[in-house]
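Subject: Structure handover and notes

Hi,

Here is the structure I promised to pass on. Please open it alongside this email, and my notes follow below.

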Amino acid sequence: MQTLSSSPRLELGLLTRVPTAAGATFVELPLWKLAAGADELVLARVIELEAHVFETEEGLVATTLIGLAVERWIEGSGPAHLHLWEEVGRRSREHGETRPSETEGEVVSSSAPKYQLGERVLAFLERDQEHRRTYKRAQGKFSVHTSPLGLKVARDLSEFLVVGFERGSAVLRPGGKMVQSLEDVLAVVERTRGWMADA
């Protein structure tokens, strides 16, 4: 794999005409399934955002490197600072040329989570031997805010399409916004992990 550039300007140039993420569709997961499936869970602050474009045999892959300063390892353990690699788009290579994967001039839209510099986050993570990334893409990243009633976590999936289930049938609908207390979210995580340990 070859790195073409770490310049945000180049990444933006590749992704200028990416359609909105409304084209991204995924199955909506309840909190307990996020807790059950994630390898790690951290409370952290975003201290670094860096764009990269890689060249592979299949074409170009645009990614974002997210640096996190960890305040608390809620599940798992690791360094005080860690990096996530999130794929944000790609172009396929056909007949020796780099061509768009879908419509001409566009790169495939993804359900990558959006991190903001300085943002405090609760992040469900998955990892392999080389990298960490947000578990289940945008579903696994929550913003953390201070309110008069304590810490709140929020997630906005309104620009995505999600598959939910009603009365046993799959239903496609726009994603919504979720706001809960951090205490309640961590209670769900603790119950789920406890159930898994006893199973």
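Helices here are DSSP runs of H or I with at least four residues, strands are runs of E with at least two, and both are numbered from the N terminus.

Before the findings, the ground rules. This is a predicted model, so local features need pLDDT of at least 70 and side-chain atom pairs count only at pLDDT 80 or more, while totals for chains, interfaces and linings use all residues. Residues are numbered from 1 along each chain as its sequence is written, and side-chain values use heavy atoms, with hydrogens and water left out.

**The chain as a whole**

The chain has three helices and 13 strands. Of its 199 residues, 42% are buried, where buried means under 20% relative accessible area, exposed means over 50%, and partly exposed lies in between (1.4 Å probe, protein chains only). The chain exposes about 11200 Å², and carbon and sulfur atoms supply 50% of that area; the areas come from the Shrake-Rupley method with a 1.4 Å probe, and for residues only the protein chains shown count as cover. Taking contacts (heavy atoms within 4.5 Å) between residues at least 6 apart in sequence, 63% join residues at least 24 apart.

**Helix α3**

The buried residues of α3 are Leu182, Val185, Leu186, Val188, Val189 and Thr192. Seen down the axis of α3, they fall within an arc of 150°, so they line one face of the helix; the arc is that of the directions from the helix axis to the C-beta atoms. As background, an α-helix has 3.6 residues a turn, so residues three or four places apart point the same way. On the other side of α3, Glu183, Glu190, Arg191, Trp195 and Asp198 are exposed.

What do the buried residues of α3 pack against? Their partners are α2 (31-37), β3, β4 (59-75), β7, β10 (150-156) and β13 (177-181). Thr192, which sits in α3 (residues 182-198), counts as buried because its relative accessibility is 7%. Leaving aside neighbours within four places in sequence, Thr192 is in contact with Trp32, Ala35 and Ala36.

**Strand pairing**

Two strands pair if DSSP finds at least two bridges between them. β9 and β10 run antiparallel and are joined by five bridges, and they form a hairpin with two residues between them. In this pairing, Ser143 stands opposite Ala154 in β10. β10 is also joined to β13 by five bridges, again antiparallel, and there Lys152 stands opposite Ser181 in β13.

**Salt bridges**

How many salt bridges does a search of the whole structure find? The search finds nine, a salt bridge being a side-chain nitrogen of Lys or Arg within 4 Å of a carboxyl oxygen of Asp or Glu.

- Arg132 and Glu40 meet through their side chains at 2.7 Å, N to O. The pair links distant parts of the chain, with Arg132 in strand β8 (residues 132-134) and Glu40 in strand β3 (residues 40-55), 92 residues apart. Arg132 is buried at a relative accessible area of 11%, and Glu40 is buried at 4%.
- Glu119 and Lys141 form a salt bridge whose closest N and O atoms are 2.7 Å apart. Glu119 lies in the loop between β6 (97-100) and β7 (120-127), and Lys141 in strand β9 (residues 141-147), 22 residues apart. Both Glu119 and Lys141 are buried.
- Arg133 and Asp128 form a salt bridge with the closest N and O atoms 3.3 Å apart. Arg133 counts as partly exposed at 25% relative accessibility, as does Asp128 at 35%.

Salt bridges that share partners also join Glu40, Arg127 and Arg132 into one network.

Finally, have a look at Ser111, in the loop between β6 and β7. Ser111 counts as buried because its relative accessibility is 13%. Apart from neighbours within four places in sequence, Ser111 is in contact with Ala24, Phe26, Arg137, Ala138 and Phe160.

Best wishes
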